[in-house]
Amino acid sequence: MIGGTLEAGFWGSVAGSALIVGALIGYFLPVPQRLIAAVMAFGAGVLVSVLSFDLMDEAYRQGGFAFTGGGFLAGALIYTIVNVYLSRRGAKHRKRSGDQLARSGGSGLIIAAGALLDGIPESIVIGLSLLSGGAVSAVAVAGIFISNIPEGLSSASGMRRAGWSAIRVVSVWTTIAIISGLAALLGYAVFGGLPIELVAAITAVAAGGVLAMLADTMIPEAFEVAHEFTGLITVAGFLVAFVLSKLSA
């Protein structure tokens, strides 16, 4: 049990470290907004594939329609309620790479809370994948890692435009990466002793939260800049993750 808990925490930290990598790139390098949007669209496609073939399919296999469907809707509802609350207090543009963040008036704490809201369901997924399969899903870790890079990149670029110092930006994303590792660890340790149907429902809750996050934050940001190419790039990300999922099966 302890070994599995530590393994979940390790892989959660690996996936979360992509936030720091993206933040450093977004803050210190002049990355074009169209490239940021393209990477974000690709990451969104990857996550949709992970949700479909690594999470929902496994949740259905373990718990059936009732637990899976109920958990999925509950996850989306919980995310939406908290996201609306944080957005109205200044976290609405936390993933924007332009100057929207500077105009939002949100405090650093609120923006960090919004970023945590986006990242925690993804991290819990890693711990749950270890419970369901006996080993951490490499596709889930890779998918979350890939999607975290544009998230950190876009947000850090917006934070720089809003006047945030490098130390402040790196501190925020390092803290979130550490919490991501802890969330993966808890996803394994806390839910490990539950009935399989409840594990399925919790997996679906995490999946619903991630999909709601994609629709509310990542895809709109990608479309605002990439426009007509967003769909094509998202499909490419989905296909890459789908192929990886089948090759690792």
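This is a predicted model: local features need pLDDT of at least 70, side-chain atom pairs count only at pLDDT 80 or more; totals for chains, interfaces and linings use all residues.
Reader: Happy to start simple! How many helices and strands does the protein have?

Author: Glad you asked. The protein has eight helices and zero strands, so along the sequence the pattern reads α-α-α-α-α-α-α-α. Of its 249 residues, 50% count as buried.

Reader: Now to charges. How do I read a salt bridge, and how many does a search of the whole structure find?

Author: The general idea is that side chains of opposite charge can pair when their charged atoms come close. Here, the search of the whole structure turns up one salt bridge. Its partners are Glu 58 and Arg 61, whose closest N and O atoms lie 2.4 Å apart.

Reader: How are Glu 58 and Arg 61 placed in helix H2?

Author: They are separated by about one helical turn, because they sit three residues apart in helix H2.

Reader: And is Glu 58 buried or exposed?

Author: Glu 58 counts as buried, because its relative accessibility is 17% and the cut-off for buried is under 20%. Arg 61, on the other hand, has 57% relative accessibility and therefore counts as exposed.

Reader: Let's move to pockets. What is the volume of the second largest pocket?

Author: A word on the idea: rolling a probe the size of a water molecule over the atoms shows where empty space is left. In this model, the second largest pocket has a volume of about 170 Å³. Of the 13 residues lining this pocket, the closest to its centre are Gly 75, Ile 78, Pro 121, Val 205 and Ala 206.

Reader: Which helices supply at least two residues each of that lining?

Author: Those are H2, helix H4 (108-133) and helix H7 (196-226). The largest share, five residues, comes from H4. By type, the lining divides into 11 nonpolar residues, two polar and no charged.

Reader: Back to the surface, then. Which residues form a nonpolar patch there?

Author: Leu 77, Ile 78, Ile 81 and Val 82 form it, with about 370 Å² of accessible area together. Leu 77 belongs to helix H2 (residues 33-91) and is exposed, because its relative accessible area is 52%.

Reader: One last thing: how far apart in space are Leu 35 and Pro 150?

Author: Their C-alpha atoms are 9.4 Å apart, while in sequence the two residues are 115 apart. Leu 35 is also found in helix H2, and at 45% relative accessibility Leu 35 counts as partly exposed.

Notes. Residues are numbered from 1 along each chain as its sequence is written. Side-chain values use heavy atoms; hydrogens and water are left out. Patches are made of residues with over 30% relative accessible area and no salt bridge: like charges are joined within 9 Å, nonpolar side chains (Val, Leu, Ile, Met, Phe, Trp, Tyr) within 5 Å. Accessible areas come from the Shrake-Rupley method with a 1.4 Å probe; for residues, only the protein chains shown count as cover. A salt bridge is a side-chain nitrogen of Lys or Arg within 4 Å of a carboxyl oxygen of Asp or Glu. Helices (H or I, at least four residues) and strands (E, at least two) are DSSP runs, numbered from the N terminus. Buried means under 20% relative accessible area, exposed over 50%, partly exposed in between (1.4 Å probe, protein chains only). On a 1 Å grid over the protein atoms alone, a cavity is a set of points where a 1.4 Å probe fits but cannot get out, and a pocket is an open set with protein on both sides within 12 Å along at least five of seven lines; lining residues have an atom within 4 Å of a point. Grid points are joined across faces, edges and corners, and a volume is the space filled by probe spheres set on the points. Ala, Val, Leu, Ile, Met, Phe, Trp, Tyr, Cys and Pro count as nonpolar, Asp, Glu, Lys and Arg as charged, and the others, Gly among them, as polar.
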